[in-house]
Structure formats: structure tokens, C-alpha cells
Amino acid sequence: SLDGMRETDLVFEKGRIYIRRSEIGYLVVLMALFVPIAMVRLNCDIVLPELRQQKSAKKLGRLLKIGKKR
């Protein structure tokens, strides 16, 4: 059901869930009702590039480890 969505904000009685799609997967943020969504979006904009870099570094590290075993 998330197919085609970039982001969604689900509001429940006791909290909210913010889901954001990226190239590497989905980022899910659980939060209270009073949290400003603009701040959550801003923090996601900051965190997602860092996560992409870490994932790329892990792939490179795995490749180098495989090369050492041979």
C-alpha cells in the first residue's frame, strides 16, 4: 500500500507514524502527537544522506573483505 508514495504521516489516538521512502528503503519514525512534522522532515533530510553513505561504505567493505579471502 506504500507503493508510489514518497512520504506519509499516519495519525492515531495516542501517537503518529511518519514513513519516508528513500533509495535504500523506508525510514519509519514513531512520535507523539505534538511533534512538529516540519522538524521531522528536516531531520529526515539530514539523516538520509548519511544513511546512504554508510550503506555504500558497508558494500565497499564487504567487497574488500571478499577480495582479501581470495
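Author: In this predicted model, 17% of the contacts in the chain between residues at least 6 apart in sequence join residues at least 24 apart.

Reader: Why is L33 called partly exposed?

Author: Buried means under 20% relative accessible area and exposed means over 50%. L33 has 40%, which lies between these limits, so L33 counts as partly exposed.

Reader: How many helices and strands are there, and what pattern do they follow?

Author: The chain has 1 helix and 3 strands. Along the sequence the pattern reads β-β-β-α.

Reader: How do you know that β1 and β2 pair?

Author: Pairing requires at least two bridges between the strands. β1 and β2, the latter covering residues 16-22, have 5 bridges, so they count as paired, and the sense is antiparallel. A hairpin of 4 residues connects the two strands.

Reader: What makes β2 and β3 a pair?

Author: The same cut-off of at least two bridges applies. β2 and β3 are joined by 7 bridges and run antiparallel, so they also qualify as a pair. In this pairing R21 stands opposite Y26 in β3. These strands form a hairpin as well, with 2 residues between them.

Reader: Why are β1 and β3 said to stand at the edges?

Author: The 3 strands form an open sheet in the order β1-β2-β3, with antiparallel pairing. β1 (7-11) and β3 (25-31) each have a single partner strand, so one side of each is left without a neighbour in the sheet. Neighbouring strands of this sheet are turned by 15° against each other on average, direction ignored.

Reader: How do you know that R41 and E7 form a salt bridge?

Author: The rule asks for a side-chain nitrogen of Lys or Arg within 4 Å of a carboxyl oxygen of Asp or Glu. The closest N and O atoms of R41 and E7 are 3.3 Å apart, so the pair meets the rule. R41 belongs to helix α1 (residues 37-69) and E7 to strand β1, and the two are 34 residues apart. Relative accessibility is 34% for R41, which makes R41 partly exposed. E7, with 27%, is partly exposed too.

Reader: How many salt bridges does the structure hold, and which other pairs can be named?

Author: The structure holds 4 salt bridges. Among them is the one between R16 and D9, whose closest N and O atoms are 2.7 Å apart. Another is formed by the side chains of D45 and R20, at 2.5 Å from N to O. That pair links distant parts of the chain, with D45 in helix α1 and R20 in strand β2, 25 residues apart. Salt bridges that share partners also join R6, E7 and R41 into one network.

Reader: Are R20 and R16 buried or exposed, and what decides the label?

Author: The limit for buried is under 20% relative accessible area. R20 has 6%, so R20 counts as buried. R16 has 12%, so R16 is buried as well.

Reader: How much of the chain is buried, and what is its accessible surface?

Author: Buried residues make up 19% of the 70 residues in the chain. The accessible surface comes to about 5800 Å², and 60% of that belongs to carbon and sulfur atoms.

Conventions
Residues are numbered from 1 along each chain as its sequence is written. This is a predicted model: local features need pLDDT of at least 70, side-chain atom pairs count only at pLDDT 80 or more; totals for chains, interfaces and linings use all residues. Side-chain values use heavy atoms; hydrogens and water are left out. Axes are lines fitted to C-alpha atoms, for helices over the stretch in contact, and angles run from 0 to 180 degrees between N-to-C directions. Buried means under 20% relative accessible area, exposed over 50%, partly exposed in between (1.4 Å probe, protein chains only). Contact means heavy atoms within 4.5 Å. Accessible areas come from the Shrake-Rupley method with a 1.4 Å probe; for residues, only the protein chains shown count as cover.
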